[in-house]
Amino acid sequence: MQEPHLLQVYKFGGASVKDAAAIRNLTQIVREHAAQQQLLIVVSAMGKTTNALEEIFQLAFTGQDYAPPLATLRYFHLSVAQELFGGEAGEASQLHDLLEQLDQQLATLQKQPAPADAYDQHYDQVISFGELLATCIVARALEAQWLDCRPLLRTDHTWREGRIDWPTTEWNVRDQLPALLQRGPVVTQGFLGGTPNGQTTTLGREGSDYTAAIFAYCLQAKAVTIWKDVAGLLNADPKFFADTVRFPAISYQETIEMAYYGASVIHPKTIKPLAVRQIPLFVKSFLDPAAEGTRIGDGRHEPLAPAFIRKDGQCLISFESKDLTFISEENLQVIFGTLAQVRLKINMMQNSAISFSVCTDFSAYRLEKLLGQLRDQFTIHYNTELELYTIKNYDKASLQRLTTGRELLLEQRSRQTFQFVCRAVPVDGLI
């Protein structure tokens with residue numbers, strides 16, 4: 001295997017490959033570093049491609065006409081290739097082959113409708129084309145080696161959130177990557193994995209960060225750098241909050257907690273494999289590559305400013321026993337088991353004597369499955385179109401800043417963290 005100090009893993013998200021100009025910027029960043037070290041480059045789908053593919057998939061799965069949005073998706077990728085490569089874009093047979101495979105996948109799905117419980121499985125087979133198409137174009141722009149990560153990153157059959165088989169994955173990566181990396185930069189997909197029988201899985205929405213960490217762990221890389229459209233790890237999303245603060249350095253533990261509560265900069269599973277092997281994670285701006293960014297690693301750092309984390313599209317579900325008896329451990333066991341079965345992740349929970357409430361990401365499909373299994377045993381109330389706010393390292397001023405003017409439906413406080421669920425309200429400008 002290569003010397004660990006020679007290898008860096010770079011991850012570029014959708015905003016950094018959203019169009020031809022962005023891909024040119026990416027190539028400039030990579031070329032400034034490729035001569036100094038070996039580079040494995042993990043790439044997400046371009047721009048809003050995943051959202052577009054989700055719309056296309058939903059139409060195909062429900063037997064509706066998906067041709068117009070698919071034509072738009074095809075035109076977008078071919079236009080970017082044309083702008084980057086000129087007349088040679090027509091010779092990009094790999095890109096055309098992938099688009100043809102996507103077309104066949106959708107046509108088969110519509111001709112042979114799948115049962116409802118196979119939704120997530122077919123979702124993975126279609127949505128994965130976003131990363132495959134993006135890496136095809138980026139590898140061509142860099143004149144780098146293109147690698148299909150799916151045979152290497154072995155997962156189970158947990159569709160849409162594949163669980164990594166670490167021993168098999170590590171053996172696969174160490175067996176195949178070192179020789180490729182010695183020949184030059186390698187471009188591969190984030191977000192994707194594969195089952196033992198060759199079916200595609202995905203690792204969870206925004207899971208490309210996790211992919212970079214998996215490769216870094218297996219190859220004992222020197223560092224991972226995530227290239228974003230922000231100056232580093234900030235205390236809040238600048239799209240919603242004014243006066244954000246960059247953290248120059250932050251610990252693995254603090255970052256895990258922020259990611260768990262929904263901070264969008266880092267995927268929640270990213271940190272653990274890096275912490276196990278003491279691999280630092282850098283968050284830097286592809287708009288200003290020379291800027292300092294944020295270093296995430298071991299060790300102490302200065303006291304942190306309050307961090308504001310916002311999650312929209314939330315659902316508050318409350319369970320009450322139908323005979324008004326206390327919510328017991330047996331009741332909670334049934335509720336937790338069903339939530340896990342329908343794969344509704346709990347973002348916040350609270351119980352009283354006769355009720356138990358959870359806040360989850362809203363999914364009409366998963367909520368209906370939950371209601372179908374538990375409505376005979378419990379009286380269930382739910383509210384949708386809610387927001388969940390978390391303040392990490394809160395103080396009096398930060399509490400007042402977020403709670404003023406909002407109707408709090410549920411709130412919870414610990415020594416360092418304050419959370420509340422509220423109705424979504426129109427905001428004039430930043431918070």
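User: Which residues line the second largest pocket?

Analyst: Start with the general idea. Rolling a probe the size of a water molecule over the atoms shows where empty space is left. This is a predicted model. Here the lining of the second largest pocket consists of Tyr260, Tyr261, Ile346, Asn347, Met348, Met349, Gln412, Arg413, Ser414, Thr417, Phe418 and Gln419. The space in this pocket is about 150 Å³.

User: Which element gives the most to the lining of the second largest pocket?

Analyst: β12 does, with four residues. Strands β12 (346-351), β15 (408-413) and β16 (417-423) each contribute at least two residues to that lining.

User: How many nonpolar, polar and charged residues does the lining of the second largest pocket have?

Analyst: Six are nonpolar, five polar and one charged.

User: Now the cysteines. How many disulfides does the count come to?

Analyst: A disulfide is a covalent bond between the sulfur atoms of two cysteines. In this model the count comes to zero. Cys136 is in no disulfide, and the nearest cysteine sulfur, in Cys149, is 14 Å away.

User: Are Cys136 and Cys359 buried or exposed?

Analyst: Buried means under 20% relative accessible area. Cys136 has 7%, so Cys136 is buried. Cys359 is at 0% relative accessibility and therefore also counts as buried.

Note on methods:
Residues are numbered from 1 along each chain as its sequence is written. This is a predicted model: local features need pLDDT of at least 70, side-chain atom pairs count only at pLDDT 80 or more; totals for chains, interfaces and linings use all residues. Side-chain values use heavy atoms; hydrogens and water are left out. On a 1 Å grid over the protein atoms alone, a cavity is a set of points where a 1.4 Å probe fits but cannot get out, and a pocket is an open set with protein on both sides within 12 Å along at least five of seven lines; lining residues have an atom within 4 Å of a point. Grid points are joined across faces, edges and corners, and a volume is the space filled by probe spheres set on the points. Ala, Val, Leu, Ile, Met, Phe, Trp, Tyr, Cys and Pro count as nonpolar, Asp, Glu, Lys and Arg as charged, and the others, Gly among them, as polar. A disulfide is a pair of cysteine sulfur atoms within 2.5 Å. Buried means under 20% relative accessible area, exposed over 50%, partly exposed in between (1.4 Å probe, protein chains only).
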